[in-house]
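Thanks for coming, everyone. I have one structure to walk through today. Please take a look at it first.

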Amino acid sequence: MQNTQPCKLAEAVSDISLSYQVDNYPIHIENTIGIALYPQHAQTPAELWLKAEQAMLHGRANKLDISIYNEELNQQFVRRNLLFGQLRHALSTQELSLHFQPQIDLKTGRLVGAEALARWRTGSGQYISPAEFIPVAESSGLIKPFTKWLLSEFFRQTAQWWQAGMNLHFSVNLSARNLADPELISDLRHLLAFHAIPAENIVLEITECSFSDSPDQFMMTVDQLHRMGFRQSIDDFGTGYSSLSYLKDLRVNELKIDQSFVTNLTTEKSCIAIVKSTIQLAHNLGLTVVAEGIESEEVAAFLSQAGCDIGQGYYYSKPLPVDAFFSYASSSTTP
Ligand code: C2E
Ligand code: CA
Ligand code: CA
């Protein structure tokens, strides 16, 4: 293929990626072209078609106009398919669980909350990271049954602790797909009605990319969740590409500084500037600031000095299984 052809293709893709008006409804068509070459990538028409489709799916997931097949892409595809099958199975067995990572008030040193993090150990004992399986769930229909399991387990456990007198905030992660799901609000409403835990003790962690995908719907959902009484936190703050101006209209309570800025805080000057500015920005907007990924006493002390409110990280504790978290909380000073 000559060099000029991908450029012409890119032009063609953007030409068809237009918005149309049909019966007063705006319709936006997005296109991605997947390319596989004969004989480099495949020997038969069926194989060539499959590889072009893999390239197209990769392009669509990464918002590319054109995507060309390569071997690494094939390996990713095989791994994802395998995980998809295993995860579907895991949802009907007891392979998934929740761990809780303590959150500490940086001024008083007291335990004030915990973040729930999903854990998956397969039947053969293999541990699969949520950083790997959540994207697989998100890109397939599995995020829906996964979130049903996650929320029901999260509410069941935290309500039990709340009734036992554990007066903490409990955070749970929601993905962009969850926020776009019209059933999320009614599911949460049912869970709140069923479990005796106040909504203001629950923190929903959402990410900036949920905003850039569909800003209007995102703002509306956040607003509804706010009216239901939930606290909301912007997770991985500083790693997204969305504009800062959205923050002033968003009904959230908390910013979570991404661990990439925190872990090397005392050695990297740029991280110091980002963290200090984020703390100031959050406080000016009346928001609580949480720093995650604290791995040393030095970083904890720096953050406390800089006015950060809450800290989370291996320095205090790794995410703990339910029983271990209960023991940790029982032996800690709580508010
Ligand atoms: P996250 O929400 O940013 O979670 C923080 C991650 O940092 C967790 O990884 C946690 O174990 C890890 N971590 C905590 N303290 C430290 C530290 O001091 N140093 C280092 N290096 N790492 C630390 P984990 O559990 O592997 O989760 C990875 C990501 O997977 C999460 O990032 C979140 O985006 C996603 N995830 C996890 N559980 C869920 C879930 O239940 N639902 C959804 N939608 N996403 C989840
Ligand atoms: Ca999180
Ligand atoms: Ca995070």
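Let's start with ligand 1 and the elements around it. Strand 6 (111-121), helix 4 (130-139), helix 5 (143-163) and strand 10 (231-237) each bring at least two residues to the shell around ligand 1. Keep in mind that this is a predicted model.

Which element gives the most to that shell? Strand 6 does, with 4 residues.

Now the residues themselves. There are 22 residues around ligand 1. The ones that come nearest are Gln101, Arg119, Gln259, Glu295 and Tyr314. Sorted by class, the shell has 10 nonpolar, 6 polar and 6 charged residues.

Next, some contacts. A nitrogen atom of ligand 1 sits 3.1 Å from a backbone N or O atom of Ala118. For Asp235, a side-chain N or O atom is 3.1 Å from an oxygen atom of ligand 1. For Asp236, the corresponding distance to an oxygen atom of ligand 1 is 3.3 Å. How much of ligand 1 does the protein bury? Taken alone, ligand 1 exposes 800 Å², and the protein buries 83% of that.

First, the calcium ion (ligand 2). Its coordinating atoms come from Glu115 (OE), Asn173 (OD1), Glu205 (OE) and Asp235 (OD), at 2.1 to 2.3 Å. Along the sequence, these donor residues follow the spacing E-x57-N-x31-E-x29-D. Asn173 belongs to strand 8 (residues 169-173) and Asp235 to strand 10, so this pair ties together parts that are 62 residues apart in sequence.

Now the calcium ion (ligand 3).

Which residue bridges the two calcium ions? Asp235 coordinates both, and the ions are 4.0 Å apart.

Asp236, at 25%, is partly exposed. Asn173 is also at 25% relative accessibility, so Asn173 counts as partly exposed.

To wrap up, follow Asp235. Asp235 has a side-chain N or O atom 3.1 Å from an oxygen atom of ligand 1, and Asp235 bridges the calcium ion (ligand 3) and the calcium ion (ligand 2).

Key: Residues are numbered from 1 along each chain as its sequence is written. Chains are lettered from A and ligands numbered from 1 in the order in which they are written. This is a predicted model: local features need pLDDT of at least 70, side-chain atom pairs count only at pLDDT 80 or more; totals for chains, interfaces and linings use all residues. Side-chain values use heavy atoms; hydrogens and water are left out. Donors are N, O and S atoms within 2.8 Å of the metal (3.2 Å for Na, K and Ca); water is not among the atoms, so sites may look incomplete. Buried means under 20% relative accessible area, exposed over 50%, partly exposed in between (1.4 Å probe, protein chains only). A residue is near a molecule or strand if one of its heavy atoms lies within 4 Å of it. A polar contact is a pair of N or O atoms within 3.5 Å; within protein, one must be able to donate a hydrogen and the other to accept it, and residues adjacent in sequence count only if both atoms are side-chain atoms. Accessible areas come from the Shrake-Rupley method with a 1.4 Å probe; for residues, only the protein chains shown count as cover. Ala, Val, Leu, Ile, Met, Phe, Trp, Tyr, Cys and Pro count as nonpolar, Asp, Glu, Lys and Arg as charged, and the others, Gly among them, as polar.
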